[in-house]
Amino acid sequence: IRCWSNIPFITMPLSRAHGKSFAHRSELKHAKRIVVKLGSAVVTRGDECGLALGRLASIVEQVSMLQNQGREMMIVTSGAVAFGKQRLRHEILLSQSVRQALHSGQSQLKDMAIPVLEARACAAAGQSGLMALYEAMFTQYSICAAQILVTNLDFHDEQKRRNLNGTLHELLRMNIVPIINTNDAVVPPPEPNSDLQGVNVISVKDNDSLAARLAVEMKTDLLIVLSDVEGLFDSPPGSDDAKLIDIFYPGDQQSVTFGTKSRVGMGGMEAKVKAALWALQGGTSVVIANGTHPKISGHVITDIVEGKKVGTFFSEVKPAGPTVEQQAEMARAGGRTLAALQPEQRAEIIYRLADLLTDQREEILLANKKDLEEAENKGRLALPLLKRLSLSTSKLNSLAIGLRQIAASSQDSVGRVIRRTRIAKDLDLEQVTVPIGVLLVIFESRPDCLPQVSALAIASGNGLLLKGGKEAAHSNQILHHLTQEALSIHGVRDAVQLVNTREEVEDLCRLDKLIDLIIPRGSSQLVRNIQKAAKGIPVMGHSEGICHVYVDTDASVEKVTRIIRDSKCEYPAACNALETLLIHRDLLRTPLFDQIIDMLRVEQVKIHAGPKFASYLTFSPSEVKSLRTEYGDLECCIEVVDSVQEAIEHIHKYGSSHTDVIITENEKTAEFFLQHVDSACVFWNASTRFSDGYRFGLGAEVGISTSRIHARGPVGIEGLLTTKWLLRGDNHVVSDFSEHGSMKYLHENLPLPQRNAN
């Protein structure tokens, strides 16, 4: 037996029927029996006199939610000493003020000194009040709570241990939440805390070892330890190089430096780690997290159970590859090396990748065949997504052609001078293009996206993290392998990383210190989810592709049906496909209108009538539910407008600022439309499907952006660059340019260096 704190522990935990702990965070959602340990700093206020009622209410709400889901919740809580201290201080002040008033008769009370309060007396005064508070809070959720106080003797005596175990099991069986605490009214007083630096306060008893012991003996699936730090750091929190450890493995203790304990409580992080490892050895998964942070404490427990990346997760299974944080750091270092290469060297890498796509086509198509077969067997992908997943020889050839275009156009992308100014004599300023940094590209069901995006990142000198859908796992794996093979010719293999861990997209979007830009490639729902989840990281993309084609009164009969057919039917699942067809009112009941309808019927396009269009018809198609619908299939909405101005207003009200088209032979009307429609792409007498990086001559695109900042429309190499300023001087200081200084500002524009003609 060895002792942590003052509770004895058996070195080898009892055997557990439910088996080993969870290996991955994503499995925590299967946890049935959960212990939540509330540290002293979580339960008490900053002044250590009284409870943090807001935090406590939030914790009770989360525990109640999980309990009502059918889980078995237990709480190991501190706080009795702090609550009792608050009550006793109040009683002492009241008693002293009454005695002073009776004996002195003075209306003015003198300053009264409050004696140092003994911890056991505080605990005795606070235990009943703490439990009453828990009961009142849990009652709001129709849940009953029961108090259990334990001492050392309850763990020394085998019969008492069995009784405790039986009591807890019976309470759980009756759907009651046990609230467990050490009986601080009778335990020996705690030793003074060195980290209090002489302040006369009472340190509240720590319950880490108690929580671990109960978790193992009760065969719980998960122990959540809440404290006042985010989790376990590789060095003391607050130090410059401290990094939060996402997953901690047995044996990693040597790589960790423990700091001081929290402001209250007997246990520090070292005690928590020992208790967590003991529980892990006993088959209970453990997460240590922050229960005091105002932005996350309201959902920290439920986030942990949902498998989100919160705090430090203790696992016995160490992954074979690097963590996603390590991959991001590798991508940044590799990207910086990539940016330092000569333009010809970056182009050589892309040319090599283009060659590999054609040379290794058999292996690529074989891997893709595995993905298609698995997707079809599982039946989880709709037909449009299966088409996106499929690769072919012609697709690979087109990819190779696009990559060669990127290589040819990338010669002077990075380091290009776009502005030169002479600030003063011998003081010249340049604005030059530089990579953004580390890009995170998340894509669904489109393995061809991987080499396209990789080539653009290489050309622009950016590090790249790729997160593909699991439905394309085999295809992505070989394409990434070929990408790294191409990068290896100049020693920058690590610049492009494929995330293969079980990382959730939402967790990736929180890596704001490692990722500079997120680019989602997929459904509108994926883009919206990423825009919502991204915390402090810009997201480039569009949530919807509601593209319009407006048919004007002066439209050419020959052009109308060709452009509409191509816009809607060539690839209806694409984000640049037609979704709403706007027709001028004067064209209703004309041969041109009949031709449009006949063509859509032949192409089996389902028509939805807009409100105005429906009002003109006796028997109309089904009326559209919303004019802001992206169908992504052989469906479209038809609406009637009275003028080009009304068409523009409709587009601004219901569109997504993606791609909008006018079909007309009237140049004046067309120019008015082109100048006044506020979308990323606005076309005259051309299909919406031209809104594409390859068709624009960009070689490929990382996506189409509807943002008004930085990049808009199809985003190629230029959209993946930012700028920095270079100032070259000769002993220049600002004071020389003051009113009585010797220097004057010139601010002369200088000619730009000649660009590479190739």
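The conversation below takes some descriptions in turn and sets each against its definition.

Modeller: This is a predicted model, in which local features need pLDDT of at least 70, side-chain atom pairs count only at pLDDT 80 or more, and totals for chains, interfaces and linings use all residues. Residues are numbered from 1 along each chain as its sequence is written, and side-chain values use heavy atoms, with hydrogens and water left out.

Colleague: Why is Asn462 called buried?

Modeller: Buried means under 20% relative accessible area, exposed over 50%, and partly exposed in between, with a 1.4 Å probe and protein chains only. Asn462 has a relative accessible area of 0%, so Asn462 is buried. Asn462 sits in the loop between α15 (449-460) and β14 (463-468); helices (H or I, at least four residues) and strands (E, at least two) are DSSP runs, numbered from the N terminus.

Colleague: What makes the pair Asn462 and Ser460 a polar contact?

Modeller: A polar contact is a pair of N or O atoms within 3.5 Å; within protein, one must be able to donate a hydrogen and the other to accept it, and residues adjacent in sequence count only if both atoms are side-chain atoms. The side chains of Asn462 and Ser460 are joined at 2.7 Å. A polar atom of the Asn462 side chain also lies 2.9 Å from the backbone oxygen of Leu720.

Colleague: Why is Lys395 called partly exposed?

Modeller: Its relative accessible area is 29%, and therefore Lys395 is partly exposed. Lys395 belongs to helix α14 (residues 393-409). Leaving aside neighbours within four places in sequence, Lys395 is in contact (heavy atoms within 4.5 Å) with Lys387, Arg388 and Ser390.

Colleague: Why are α11 and α16 called oblique to each other?

Modeller: Angles under 35 degrees count as roughly parallel, over 145 as roughly antiparallel, 65 to 115 as roughly perpendicular and the rest as oblique. Axes are lines fitted to C-alpha atoms, for helices over the stretch in contact, and angles run from 0 to 180 degrees between N-to-C directions. The axes of α11 (residues 343-359) and α16 (residues 473-487) come within 8 Å and cross at roughly 140°. The two helices α11 and α16 are therefore oblique.

Colleague: How do you know how α7 is oriented to α8?

Modeller: Helix α7 (residues 208-217) and helix α8 (residues 269-281) pack at about 5°, with axes 9 Å apart. Hence α7 is roughly parallel to α8. Among the residues making the contact are Asp208 of α7 and Trp278 of α8.
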